[in-house]
Amino acid sequence: MYSAVSRPEGGISDRASFRKIAGLWPSGVAVITAMDNAGTPFGLTMSSVTSLSLEPPLYLICVDLKSTTLPAIQDSGRFCINFLMRSQQEISNIFAGRSADKFSRVPTRRRPSGHIEISGSLAVITCTVRDMIAGGDHSIITGLATEMWGVDGEPLMHFRGAYREMGPPATAAIHAHQSAQ
Ligand SMILES: Cc1cc2nc3c(=O)[nH]c(=O)nc-3n(C[C@H](O)[C@H](O)[C@H](O)COP(=O)(O)O)c2cc1C
């Protein structure tokens with residue numbers, strides 16, 4: 001069992017436990033791309049992505065203040081969310097690093113709108129920045145979805161610090177259990 005206690009002034013003092021327990025929340029894996037005003041592409045791997053609102057259609061992402069992609073999002077006022085397929089682990093690893101040549105190793109397409117799509121993604125959502133809110137050592141960014149599309153396929157997932165694949169649907173497991181009784 002993992003546990004962590006709060007300090008008197010509030011907040012968890014043990015970073016390792018915070019990380020371990022946060023990792024018990026499974027997520028998909030996305031790459032967020034953005035292009036600065038000079039036309040240079042930036043991107044990072046991200047799990048903190050969520051749909052926020054249907055009317056208007058908003059997405060929310062959380063970007064580390066140290067990310068080199070953050071200034072490009074700020075400058076351009078645009079970002080693109082690419083949900084990765086389970087076969088795209090290597091792309092996730094590339095964008096989780098700090099190398100300057102991330103885009104030379106990954107097939108991408110530049111949209112006329114200036115967004116950068118990772119080829120072969122499960123889904124792509126282009127956004128214009130709505131709000132940027134301080135969130136501790138991260139910036140919480142909401143974006144108005146301007147275009148979105150997706151294909152059939154299985155997502156890349158992340159759980160307990162490791163990549164995962166989806167299992168069978170839970171209902172199938174329940175039916176299997178019921179018919180075994
Ligand atoms: C599975 C996974 C999820 C991640 N989620 C986030 C996230 O939600 N927000 C974030 O800022 N960084 C996240 N990262 C870390 C960034 O990808 C990493 O710091 C990257 O080097 C930043 O690149 P940049 O500085 O070029 O933007 C995640 C990394 C991995 C492997």
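Visitor: Hi! How do strand 11 and strand 12 pair, and over how many bridges?

Guide: Strand 11 (residues 157-159) pairs with strand 12 in the antiparallel sense, over three bridges. Two strands pair if DSSP finds at least two bridges between them. Strands are DSSP runs (E, at least two residues), numbered from the N terminus. This is a predicted model: local features need pLDDT of at least 70, side-chain atom pairs count only at pLDDT 80 or more, and totals for chains, interfaces and linings use all residues. Residues are numbered from 1 along each chain as its sequence is written.

Visitor: Which residue in strand 12 is the bridge partner of Met-157?

Guide: That's Arg-164.

Visitor: And what's the strand order in that open sheet?

Guide: The order is 1-11-12, three strands with antiparallel pairing. Strand 1 (27-28) and strand 12 (162-164) stand at the edges with a single partner strand each, so one side of each has no neighbour in the sheet.

Visitor: New topic: how many residues surround the ligand?

Guide: There are 17, and the closest are Leu-44, Ser-48, Asp-64, Ser-67 and Thr-69. A residue counts as near a molecule if its C-beta atom, placed from the backbone, lies within 6 Å of it. Strand 3 (41-46) and strand 5 (58-64) each supply at least two residues of that shell.

Visitor: Last one: where is Ser-113? Is Ser-113 buried or exposed?

Guide: Ser-113 sits in the loop between strand 7 (108-110) and strand 8 (116-118). Ser-113 is exposed, because 11 other C-beta atoms lie within 10 Å. The cut-offs, with C-beta atoms placed from the backbone, are 20 or more within 10 Å for buried, 12 or fewer for exposed, and partly exposed in between.

Methods:
Helix = DSSP H or I, 4+ residues; strand = E, 2+ residues; numbered from the N terminus.
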